[in-house]
Amino acid sequence: KDALTGYKRMYSGELAGEIYTKLGQTDYAAEIAQIRASGADSVYFFLPGGMGISFLKQYADSGVDLPVVGPAFSFDQGILQAVGKAALGIKNTSQWNKDIDNAANAAFVADFQAKYDRLPSL
């Protein structure tokens, strides 16, 4: 709920509704039907890990054509790889990314990758 509260604090539009899911949920057909019927003009989601992967794939397959916004914990590079083409057009509100184009970030990413043999993530 904290991620949603933070998003709503800066959002100036009217909310069409809020839908909460169960921890570990993998089937989002009912929630996507609610989104479709809600009259919303966009979707903000916070479903980390496998839950986010399942939601994004099902959302893309559903034909609902509303923009999707989510935080880094729901949409980091690992999730991006698992979601594939279903991720096209999704907006990420991450406060950091490995691709930030400055010398300090490039050095951090290179040093991290050299030490841990993987890319850094949030």
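Me: In helix H5 (residues 103-116), about how far along the helix are phenylalanine 108 and phenylalanine 112 separated?

Reply: This is a predicted model, in which local features need pLDDT of at least 70, side-chain atom pairs count only at pLDDT 80 or more, and totals for chains, interfaces and linings use all residues. Residues are numbered from 1 along each chain as its sequence is written, and side-chain values use heavy atoms, without hydrogens and water. Helices are DSSP runs (H or I, at least four residues) numbered from the N terminus. Because phenylalanine 108 and phenylalanine 112 lie 4 residues apart in H5, their separation is about one helical turn.

Me: Is phenylalanine 112 buried, partly exposed or exposed?

Reply: Buried means under 20% relative accessible area, exposed over 50%, and partly exposed in between (1.4 Å probe, protein chains only). Phenylalanine 108, at 40%, is therefore partly exposed. Phenylalanine 112 has 16% relative accessibility, so its class is buried.

Me: What is the angle between the ring planes of phenylalanine 112 and tyrosine 116?

Reply: Rings of Phe, Tyr and Trp (its six-membered ring) pair if their centres lie within 6.5 Å; planes under 30 degrees apart are stacked, over 60 edge-to-face, and the rest tilted. Phenylalanine 112 and tyrosine 116 are 4 residues apart in H5, about one helical turn. Their centres lie 4.6 Å apart, and the pair is tilted, with a plane angle of 45 degrees.

Me: How many aromatic pairs are counted, and what is the centre-to-centre distance for phenylalanine 108 and phenylalanine 112?

Reply: The count comes to 6 aromatic pairs. Phenylalanine 108 and phenylalanine 112 form a tilted pair, with 50 degrees between the planes and a centre-to-centre distance of 5.9 Å.

Terms used
Helices (H or I, at least four residues) and strands (E, at least two) are DSSP runs, numbered from the N terminus.
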